[in-house]
Amino acid sequence: MQGMFPCRCHMGLSRVADSPSKIRELVRMEHAFGANWIKTMNTGGYMSSGDDPARVTWFEGEMLTLGQTAQQLGLPLAVHTGAAEGCKQALRASARSIEHCYLIDDESVVMAEKAGAFLVPTMQMTREDKALLKAGKLPEHAVWKFRRDVAAIEEAQKRIARSKAKVAYGTDCGMFPFSEGVLEFQAMVAAGLSPERALKAGTSLAAELLQRDDLGAITPGKQADIVAMPGDPLEDIAATAKVDFVMKGGRTYRHGSLDILE
């Protein structure tokens, strides 16, 4: 018997599965320990050594097993993916969200549009990596991959911006400073999203992705979570980086203070 509040501290950051039965076991374990989502990687990453974002790491049957198990247990699925085929594989497995989608192609975008899946393209991460590459500070194991793909990544971001797919705000912060996560708004607009669509990506679309009906809009009955800034972000999206105050649950805070403003 697991008890009312089973501890999952021993499980670590992630787990590896190499067979459908092991995949089912791990998804069931996450569910039993109270997970709200299942996330997997079906391609490599740029900052991880020994793998390649342009190569798919799951076999089709394995990915489908993961998606089916998560769906049966009522858990939405998010997939870190890079290669166009990785994007398609994730969507065939009923992923609700595909993260990064570095090398997404036209077919994948159409699939996402038809499925109502969310794309979370983390565009500022690319700008950060370009700056590191130019400064000679990008880790050596990332240089060859990123240099090879950067033009294709930027084209994929423009493809996303031209699409009608649901785009949600994500930053990949931790790979770069959390204080710079707000720059994702500017990166989205630079890639071709309208300021309005970028703002929706961080509010109503993000809430829809997370299945949080209490967030995402200033409407009676929802959480009173508001960010205020000088200027009009619809005219200049850079205004989003100059936050004046945050309202959380109806309580207003300024930077460096936890006191309620009168």
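Biologist: Which kind of contact do the side chains of D106 and R159 meet in?

Modeller: This is a predicted model, and the contact between D106 and R159 is a salt bridge, at 2.9 Å from N to O. The two residues come from distant parts of the chain, with D106 in helix α4 (residues 106–115) and R159 in helix α6 (residues 140–162), 53 residues apart. R159 has a relative accessible area of 18%, which is under 20%, so R159 counts as buried.

In total, the structure holds 16 salt bridges. Side chains of opposite charge can pair when their charged atoms come close. Another of these pairs is R162 with E155, where the closest N and O atoms are 3.5 Å apart. R162 is exposed because its relative accessibility of 57% is over 50%. E155, at 33%, is partly exposed. There is also a network, in which salt bridges with shared partners join D52, R148 and D149.

R92 and E60 form a further salt bridge, and their closest N and O atoms are 2.7 Å apart. R92 belongs to helix α3 (residues 84–92) and E60 to helix α2 (residues 60–72), so this pair ties together parts that are 32 residues apart in sequence. Both ends are partly exposed: R92 has a relative accessibility of 35%, and E60 has 30%.

Of the elements, β7 gives the most, with three residues. Sorted by class, the lining of the second largest pocket has 18 nonpolar, eight polar and four charged residues.

V227 also belongs to a nonpolar patch on the surface, together with V243 and V246. The accessible area of these three residues together is about 210 Å². V243 sits in the loop between β6 (226–228) and β7 (245–248). With a relative accessibility of 41%, V243 is partly exposed, because that value falls between 20% and 50%.

Definitions and conventions. Residues are numbered from 1 along each chain as its sequence is written. This is a predicted model: local features need pLDDT of at least 70, side-chain atom pairs count only at pLDDT 80 or more; totals for chains, interfaces and linings use all residues. Side-chain values use heavy atoms; hydrogens and water are left out. Patches are made of residues with over 30% relative accessible area and no salt bridge: like charges are joined within 9 Å, nonpolar side chains (Val, Leu, Ile, Met, Phe, Trp, Tyr) within 5 Å. Accessible areas come from the Shrake-Rupley method with a 1.4 Å probe; for residues, only the protein chains shown count as cover. A salt bridge is a side-chain nitrogen of Lys or Arg within 4 Å of a carboxyl oxygen of Asp or Glu. Helices (H or I, at least four residues) and strands (E, at least two) are DSSP runs, numbered from the N terminus. Buried means under 20% relative accessible area, exposed over 50%, partly exposed in between (1.4 Å probe, protein chains only). Ala, Val, Leu, Ile, Met, Phe, Trp, Tyr, Cys and Pro count as nonpolar, Asp, Glu, Lys and Arg as charged, and the others, Gly among them, as polar.
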